[in-house]
Amino acid sequence: EGVNFEVEFELNKSEQSVLFDAKGSIIETEIKIEISQFPNGVLDYIKINYKGQSVKEAAKITDTKGTVTYEAEIKEMDLLFDSNGKFIKEIKN
């Protein structure tokens, strides 16, 4: 993934991934979640700002400092939200 390395695996029937830098240090971990597990406000934001789009996949991301963000994958992009459901940014795929 760019200059970093991503390892995807399944653990206890849960899809997960870990992102490493070139030195092998962990950058972040990502766990696939149910859409219903998003914080309040995420789905409302998508409904208002991305009309007609539906969430294809949902994930909870935790960096090495313990900061949690949520990722909603919609058509051709990922939307990132903080742990309170506030929109951070979109990343085009």
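This is a predicted model: local features need pLDDT of at least 70, side-chain atom pairs count only at pLDDT 80 or more; totals for chains, interfaces and linings use all residues.
Local features need pLDDT of at least 70, side-chain atom pairs count only at pLDDT 80 or more, and totals for chains, interfaces and linings use all residues. Residues are numbered from 1 along each chain as its sequence is written, and side-chain values use heavy atoms, with hydrogens and water left out.

User: How are the rings of Phe38 and Tyr70 arranged?
Analyst: Rings of Phe, Tyr and Trp (its six-membered ring) pair if their centres lie within 6.5 Å; planes under 30 degrees apart count as stacked, over 60 as edge-to-face and the rest as tilted. The centres of Phe38 and Tyr70 are 6.3 Å apart and their planes stand at 75 degrees, so the pair is edge-to-face.

User: Is Phe81 buried or exposed?
Analyst: Buried means under 20% relative accessible area, exposed over 50%, and partly exposed in between (1.4 Å probe, protein chains only). Phe81 has 0% relative accessibility, so Phe81 counts as buried.

User: Which side chain of opposite charge is nearest to Glu71?
Analyst: Lys and Arg count as positive and Asp and Glu as negative, while His and the chain ends are not counted. Glu71 lies in strand β5 (residues 68–74), where strands are DSSP runs (E, at least two residues) numbered from the N terminus. Glu71 is buried and has no salt bridge, meaning a side-chain nitrogen of Lys or Arg within 4 Å of a carboxyl oxygen of Asp or Glu. At 9.6 Å away, the nearest side chain of opposite charge is Lys89.

Definitions and conventions. Helices (H or I, at least four residues) and strands (E, at least two) are DSSP runs, numbered from the N terminus.
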